[in-house]
Amino acid sequence: MVQHCFSPTARFIHRLSADERGLLLKAAPSATPGPDLLPWYCGPHRVGWVSPERAHTLQQQWPQCRWESGRLVWSASQESVEDRSQFLQQWLIRQRDEGLLSGWRGEAYRYWSRPKYPPDPDEPGLFDCERAGFRYLGMRSHAVHINGFASDGDLWCGQRALSKATDPGLLDSLSAGGLSAGQGIWTVLQRELWEEAGLVIEQGQALQWLGSIDSCRPVPEGWQHETLWVFNLELGDDQVPSNQDGEVARFLRLAPREVLERVRAQAFTPDAVLALQIGLAPASRQPHPA
């Protein structure tokens, strides 16, 4: 008898019917901004999307912010990165102190108008500011997501702690985390894999970079636009994830049909579903973004 050797992702896929695979791959489409959101710009660069009320607040409180040809423009593109960053950070602090901005992390993200592929941590952006401000102002951020597969095709998932500022209690990728200002994808991958799952990539362990997918949707804070940089990781039989930083309540090892059932019950974060979808789609192996 001929025995076929499948990767863990192939084993995951082959344990689902064609109809089940179709349901899983259509579960979490990204949205587009509707008429209830307005774009705002820094000079010629469209930076984000905000509600009309928030746009009015920006116009009232930001210097050099005005309407031009039907769009809100912050005329600060000629100022230094440091000045833009300082102004925006101080404004976000005021929003927090007034109780208007929740989920403060004390961590800066970097905004690039045209990020490289993958983002270069040494490339200056338009500004750096508190990560909670990105959803508040509808700006694009970046994150790493790692799909963790057991050798038989089961999927390792983390359940987010109830103390998390976003999506508490929902199931998530094996590990995931945002790109802080000045950090690259490979650095974030290694950090999050250890902090969230207690894992270190071993020599020769199968790790595949799938590229990126954009997650765009309305959220309670405003609008999310996040580029997810997705990896598949095959865990050895002796590798059991164990949280180190208190951000994951527990890990579950789910069979493919259990994953589908929980996706359909909206028990997963939308970002984790998107990461899984690109993780299961045909893709060529990419070089590690060191």
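**Aromatic rings and the charges over them**

Okay, let's start with Arg96, which lies over the face of Trp104, at 4.6 Å from the ring centre. To count, NZ of Lys or CZ of Arg has to be within 6 Å of the ring centre and within 35 degrees of the ring normal. Arg54 is another one: its charged end sits over the ring of Tyr136, 3.8 Å from the centre.

Quick word on the source: this is a predicted model, where local features need pLDDT of at least 70, side-chain atom pairs count only at pLDDT 80 or more, and totals for chains, interfaces and linings use all residues. Residues are numbered from 1 along each chain as its sequence is written, and side-chain values use heavy atoms, with hydrogens and water left out.

Now, ring on ring. Searching the whole structure gives 13 aromatic pairs, meaning Phe, Tyr or Trp rings (six-membered ring for Trp) with centres within 6.5 Å; planes under 30 degrees apart are stacked, over 60 edge-to-face, the rest tilted. Take Trp91 and Tyr136: the centres are 6.1 Å apart and the planes at 50 degrees, so that pair is tilted. Trp91 is in helix H4 (residues 81–97) and Tyr136 in helix H5 (residues 132–136), so the pair ties together parts 45 residues apart in sequence. Helices here are DSSP runs (H or I, at least four residues), strands likewise (E, at least two), numbered from the N terminus. Both Trp91 and Tyr136 are buried, that is, under 20% relative accessible area with a 1.4 Å probe, protein chains only.

And who else is in there? Trp91 and Tyr136 form one aromatic cluster with Trp40, Trp62, Trp74 and Phe87.

Methods. Buried < 20%, exposed > 50% of the residue type's maximum accessible area, 1.4 Å probe, protein only.
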